[in-house]
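Let's take a walk through this structure together. Have a look at the sequence and the model first, and then we'll go through some rings and a helix.

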Amino acid sequence: RKAHAAGEPSQLISDVQRPAVSDWLIRPLVIGRMPTIIFGQAGSGKSMLGLAAALDIQAGDGRLLGIPVTEQHNVLWVDCEFDSWEHRKRAEALLGGGNEIPPIRYIWAESMSLEAQVYRLEREIDEHKIGFLVVDSVNGMLGGEPESAERALAFFGALDRLQVGALCIAHEKKDSDHMMPFGSSVFYNRARVIWYVNGRQEDGSDELNVGLFNRKSNTTRRGRPMGFRMAFANDLAGDAVSIT
C-alpha cells in the first residue's frame, strides 16, 4: 500500500526507452500510444472510417484509406454501438469478396464504463498482444453524464492504464460549432489528436462524401482537411463499400 501511494520513482529523460508504439500509425489521422478522437453527427461515416483505419493498422498497410501505416499492430475493437456480426459484414464490404479479414478482435462493452472493464481489457491485451484499441463510442462508455469532468477523467485514466494507443469515436453535440466532441472539455484537453467528421449524402444517393477537419494536434502542426468518398453498392455478390 505504501509503495502504491509513493508512485513510480523519477527517471532521467535521457534514459527513457522507445515504447513499442511510439509515433503516428496513420499520419496525420491516427497517433500511436496516445488517444485520438474522431467525432461527428450520426451517419457521418465516422465508424466506417474507424473500421477502415483499424483494418489497415491490423494488416499493416494502407489499402483502404490510401494512407501508409507506419507500424502494424494487433487491434481490439471495444464496442457498445454495433454487434460483432455488423462489423464482420462491414469489413467484408470494405475488403471485397474473397479477401480475408485481418484478425481484429472484438469485445462487447456490456453497457459498462471503460473504467469498469480495465481488468478484462488488460487480459485481452496481454493474451493477444494487442497494440491498439478502437472505442466505439466514448459517450456510451463513461458510466455517467458526458458533461461530467469526473467521468471523462476516469475514461482517460482507464486508457492510461491500458498503455496502448486508442482511436476513440465520439458524438457531436447537436447544433454545436463543430469544434469539440460532445461532453466535458476534458475530452478536448486530454486527447492528443482530434478530427471532426462531416458527412454529406443526398437522399437516394449511393455515395457519402466525408470531410475531416483537424481540430487539435499536440505532437505536430494541425493537418490539412481531408476528404473521402464512400460508395455503397449491392449486387448478387453482396454489399460493397469503396473509400476513395
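## Rings, a helix and a charge

Start with Phe39, which is buried, since its relative accessible area of 0% falls under the 20% cut-off. Keep in mind as you look around that this is a predicted model. Tyr196 is buried too, with a relative accessible area of 4%.

Now for the aromatic rings: searching the whole structure turns up four aromatic pairs. One of them joins Phe39 and Tyr196, with ring centres 5.4 Å apart and planes at 45 degrees, so this pair counts as tilted. Phe39 belongs to strand E3 (residues 35–40) and Tyr196 to strand E8 (residues 193–200), so the pair ties together parts that sit 157 residues apart in sequence. Another pair is Phe155 with Phe156: their ring centres are 5.5 Å apart and their planes stand at 90 degrees, so this one is edge-to-face. Phe155 is buried at 2% relative accessibility, and Phe156 is buried at 1%.

Go back to Phe39 and Tyr196 for a moment, and you'll find that they form one aromatic cluster with Phe213.

Next, the helix. H3 covers residues 84–95, and at 1.5 Å a residue its 12 residues should span 16 Å; the end C-alpha atoms are 16 Å apart, so the two agree. Within H3, the buried residues include His87, Arg90 and Leu94. Just past the end of H3 comes Gly96, with a positive phi of about 90 degrees.

Notes:
Residues numbered from 1 in each chain as written. Predicted model: local features only at pLDDT ≥ 70, side-chain atom pairs only at ≥ 80, totals over all residues. Heavy atoms only, no water. Helix = DSSP H or I, 4+ residues; strand = E, 2+ residues; numbered from the N terminus. Expected span 1.5 Å × (residues − 1). Buried < 20%, exposed > 50% of the residue type's maximum accessible area, 1.4 Å probe, protein only. Phe/Tyr/Trp six-rings, centres within 6.5 Å; stacked < 30°, edge-to-face > 60°.
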